[in-house]
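This report covers selected features of two chains.

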Amino acid sequence: MWNFLSYTLIGIVVGGGLAVSASGVVVTYSTTGVFNLAHGAVGMVAAFTMWELSYNPAHADLPVLVGIAIVLLVEAPLIGLLVEALFMRRLHGASTERVLMVTIGLLLVLLGVTQAVWGGQTSRVVTAFFPGTSVHVGPVGGGVSITGQQLLTLGVAAAVAAGLFALLRWLRIGMAMRAVVDDPELLAMAGARPVAVARAGWVLGCFLAALAGVLLASALTPLQPFQMSLLVVNGFAAAAFGRLRSLPLTFLGALLLGLLESYAVGYLPQWSFLQYAPEWLPMALLFVVLLVLPQDRLRAVGRPVVAVVPKVAGLRASLFGAAALVAASLAAGAVLSGTWLTTAEVGVVYGLVALSLVLLTGYAGQVSLAQLTFAGVGAYMMGRVAGGGSWLGVLAAVGVSAALGAVVAIPTLRLSGLYLALATLALAQVATFAFFVPEIDQKAPVTIHRLGLPGLPLDTDGRQEVLGAVAFALAGVLVLAMRRGTFGRRLVALSDSPVAYATVGLDVKLTRMGVFALSAGVAGLAGALRAQQVILNSSYFDLTTGLVLLLLLAIWGVRTVSGALLAGLSLAALDILSSHAGWAGQIPGLAVGAGIVLLGRAPNGVLGLRLDQAVARALRGRTPDGRERIAEAAARGGADAA
Amino acid sequence: MPPEAMWMPPEAMWMPPEAMPMPSEALWWGGPPSGCPPALAARHVSVRFGGVQALHDVSLEVQAGQVTGLIGPNGAGKTTLFDVMTGLQRPDSGQVVLDGRDVTGLGPHRRARLGVGRTFQRLELFWSLSVADNVRVGAESSVQWWGWDSVRRSVRRFGANRAGDPGSLAFGAAAVNALLDRVGLTGFGDARTDALSTGSARRVELARALAIGPSVLLLDEPCSGLDDAESSALGDLLTDLARDGMAVLLVEHDMDLLMRVCDNVTVIDAGTVIGRGTATEVRDDSAVQAAYLGVAAGAARSGGGGR
């Protein structure tokens with residue numbers, strides 16, 4: 001009885017913390033239309049700053065209250081203003097995918113900055129507020145204790161709820177914040193400034209993120225950047241519960257989640273896949289909530305701001321590129337060694353995963369954050385089938401991943417854009433904690449033999465690298481051929497206008513399922529190849545790695561096969577660079593930061609840049625389209641005059 | 001059979017709203033008294049969005065071989081009715097009947113395969129595909145993408161051009177070009193869709209809708225953004241299509257065009273049918289002017305030239 005009450009209390013406190021952070025996500029989303037995947041990272045930076053100001057044993061401490069005040073009132077609003085001005089303002093009217101990529105980039109930049117400033121092995125401890133104080137209810141030896149920290153969390157959650165209510169209900173800026181998403185232009189005409197409102201949304205969102213970070217710091221001590229950044233992922237489930245818009249429902253969702261997590265810790269049996277239930281249960285709940293939520297029906301979206309698409313390589317060009325890649329890989333296999341060879345070897349395989357994303361995200365416009373999960377399944381199959389490491393295993397990896405992709409696609413068919421991204425994010429987390437960690441990390445490593453062709457064992461790193469390059473070359477040629485064909489046209493059409501796609505007699509759901517299965521199969525193949533290179537580890541297939549890969553692909557060009565190769569190679573290179581001390585370790589964060597600034601301007605990434613300029617020139621000049629536009633404008637002017 | 005000879009019993013020609021029979025009784029005069037069943041019909045359709053009754057007990061029939069006009073002020077429910085008829089919006093009550101078959105439960109792509117084509121008031125093109133490819137996606141909609149034909153085509157850019165039948169697997173570049181010719185976009189095949197003017201983009205949508213070989217064509221304001229010459233050409237095209245046996249339903253504000261091409265016109269306002277008749281009858285009716293053409297038209301007619 002008292003046990004149950006304690007778990008309930010802990011659950012409510014956890015829920016309170018989640019509510020604070022989730023309400024920040026909702027505030028930013030509902031005022032700016034941007035779902036901030038970097039929300040947790042802002043909280044993480046806040047917690048680290050608080051440690052630096054008030055808990056760092058190396059220099060004289062500021063009082064905790066002063067430290068907190070600086071973090072909440074100076075740092076968090078500054079971050080919000082910077083993010084809005086540098087990254088978000090240009091994205092008005094951009095596609096959901098691009099906005100998501102930019103927030104992923106922001107997440108990585110904040111992680112990079114944190115690691116640059118607070119890297120190393122120091123253990124950063126933040127003690128609970130009001131240490132030693134607690135209120136005890138019930139008999140001695142039983143009963144429930146509430147610590148001061150817990151009371152504070154509850155109080156802050158309640159204050160946030162009341163404060164947000166008052167702000168949105170009574171203050172002018174609050175009312176403008178509610179109105180801005182619906183129709184910024186109308187709001188502007190009514191005298192409010194949408195930019196000011198968006199700025200307020202970012203400042204308030206970052207403030208709430210920092211508040212959550214400060215509150216949760218002592219529970220997560222010693223502070224670790226990755227863990228803290230992804231903690232808020234659980235808050236996403238609460239936000240989804242409120243359909244990303246309703247604050248009261250978000251609070252309720254956070255409370256339910258907190259209780260669920262707490263009871264899971266207390267009462268679930270110790271089976272292997274349940275061992276990490278507290279980590280994946282909220283994610284499973286997020287998945288379910290997204291599936292159950294009423295979705296917008298298929299709806300006309302109208303004309304986009306820009307839709308410039310890179311030219312698709314013809315058969316001759318793609319064959320030439322494939323041959324060049326294989327030749328380069330042969331040379332690299334012969335010349336390179338050590339780290340460089342590993343980079344090439346790992347890079348082409350990550351490139352293959354990126355290629356599966358070109359199909360899914362670049363062509364069909366479906367964002368999946370779980371693509372590495374399918375690679376992980378492929379790697380797992382490679383280890384399990386036919387004694388580990390055989391061509392049969394490769395087949396099984398591709399087949400099982402593709403089948404799994406189709407199965408996953410079925411419930412997510414009705415989701416699109418942001419909701420699909422969140423569902424796949426949930427899937428990636430559940431797969432990691434319910435499957436990969438217990439099945440791969442915590443069992444004895446499986447021996448996976450390296451593949452061979454008759455008379456040609458592929459047993460060295462150099463030959464593995466060539467194998468990966470050949471696989472990429474073949475898959476790349478096929479993907480490009482498909483893009484030029486009926487199916488490719490359909491994927492692009494589906495991405496551009498699902499509603500028109502349906503009204504010309506094509507099945508939106510079937511096509512989505514097809515492309516999901518196909519891309520999962522390609523990712524599975526990559527997983528099978530990866531399994532040959534290393535002793536498997538769940539971290540190769542986790543959410544963060546997947547996010548980095550997706551972002552790099554977006555930076556290089558999400559619609560190009562060569563972009564996929566470059567994304568894979570850069571991921572491998574960044575992995576190695578970031579383990580370097582000194583200036584080299586800073587390159588990844590800087591590169592990514594530059595990349596997302598670029599993304600705000602160039603929807604097709606680096607590889608699309610030249611093309612964009614060419615198109616701009618063509619539009620200005622002599623094309624029939626240009627003439628027609630002028631004629632049309634003249635006609636319109638004439639009509640107005642008359 | 002000349003279109004004007006059928007369709008309405010004389011006593012039901014145009015009557016003021018207060019004298020109109022209730023829609024349930026009105027069903028019989030919504031179509032010809034005997035013979036040819038409608039190609040596409042909405043029967044007693046109601047749709048409610050939250051607190052707004054977008055459509056209330058609306059019935060509308062579209063006959064093969066005729067151009068039917070649908071007019072009404074903005075927000076009257078015209079596009080919602082289109083969505084109901086094409087399967088994008090499920091009605092709260094009522095039925096949609098295609099060629100005698102109840103298709104109310106079928107999704108948009110199933111109805112399109114049964115021959116319902118449409119365009120959109122807010123343009124819905126495949127903006128990242130070329131003009132020709134937009135039309136091709138429609139033309140190839142019956143092709144199985146995993147089939148041999150699709151593979152062959154991806155290798156040879158436009159495949160063999162054996163026939164001009166939009167439903168056939170050999171529907172090739174020449175047929176796409178023929179469709180572009182038909183809507184007046186000759187030579188625009190390789191143009192970027194997102195660089196087109198609104199008028200041209202509307203015609204790409206029309207060509208794409210025609211490419212699926214529809215028996216019923218629903219056009220949502222196809223003339224907005226077109227100049228007079230283009231509108232006139234479009235009117236001729238619609239007349240031709242109807243003469244070939246297609247059923248055309250047209251939402252349009254241009255009364256001159258309506259009068260030229262429509263065999264009959266239905267007026268809706270605030271989600272209910274307030275009148276039916278020939279274009280001339282509808283134009284000359286004062287109640288319709290009040291509801292649809294607005295005060296300005298009334299003022300202009302009374303010689304005031306209000307503004």
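## Domains of chain A

Domain bounds here come from an automatic or database domain assignment. The model is a predicted one. For chain A the assignment gives domain 1, residues 2-267, and domain 2, residues 315-608. The C-alpha centres of domain 1 and domain 2 of chain A are 32 Å apart. To the contact between them, domain 1 of chain A contributes 25 residues and domain 2 of chain A contributes 28 residues.

On the domain 1 side of chain A, the elements that give two or more residues to this contact are α3 (64-88), α4 (96-118), α9 (225-231) and α10 (233-241). Of these, α4(A) gives the most, with 15 residues. Sorted by class, the side of domain 1 of chain A that touches domain 2 of chain A has 19 nonpolar, 3 polar and 3 charged residues.

## Helix α5 of chain A

Helix α5 of chain A runs over residues 148-170, which is 23 residues. At 1.5 Å a residue the helix should span 33 Å, and its end C-alpha atoms lie 32 Å apart, so the two values agree.

Which residues of α5(A) are buried? They are Gln150(A), Thr153(A), Ala157(A), Val160(A) and Leu164(A). An α-helix has 3.6 residues a turn, so residues three or four places apart point the same way. The cover over the buried residues of α5(A) includes α1 (2-32), β2 (144-147), α8 (194-216) and α11 (247-267) of chain A.

## Val58 of chain B

Val58(B) is part of strand β2 of chain B, residues 52-62. Is Val58(B) buried or exposed? Val58(B) is buried, because 24 other C-beta atoms lie within 10 Å, and the cut-off for a buried residue is 20 or more.

Apart from neighbours within four places in sequence, the contacts of Val58(B) are Ala42(B), Val45(B), Leu81(B), Ile268(B), Thr272(B) and Val273(B). Leu129(B) is 71 residues from Val58(B) in sequence, and their C-alpha atoms are 37 Å apart in space.

## Positive phi angles in chain B

Asp57(B) is not a glycine, yet has a positive phi of about 50°. Asp57(B) is located in strand β2 of chain B. Asp57(B) counts as partly exposed because it has 18 C-beta neighbours inside 10 Å.

Ala270(B), also not a glycine, has a positive phi of about 50°. Ala270(B) sits in the loop between β9 (264-269) and β10 (272-277) of chain B. With 16 other C-beta atoms within 10 Å, Ala270(B) is partly exposed.

Notes
Residues numbered from 1 in each chain as written. Chains lettered and ligands numbered in written order. Predicted model: local features only at pLDDT ≥ 70, side-chain atom pairs only at ≥ 80, totals over all residues. Helix = DSSP H or I, 4+ residues; strand = E, 2+ residues; numbered from the N terminus. Expected span 1.5 Å × (residues − 1). Buried ≥ 20, exposed ≤ 12 C-beta atoms within 10 Å, placed from the backbone. Contact = placed C-beta atoms within 7 Å. Nonpolar A, V, L, I, M, F, W, Y, C, P; charged D, E, K, R; others polar.
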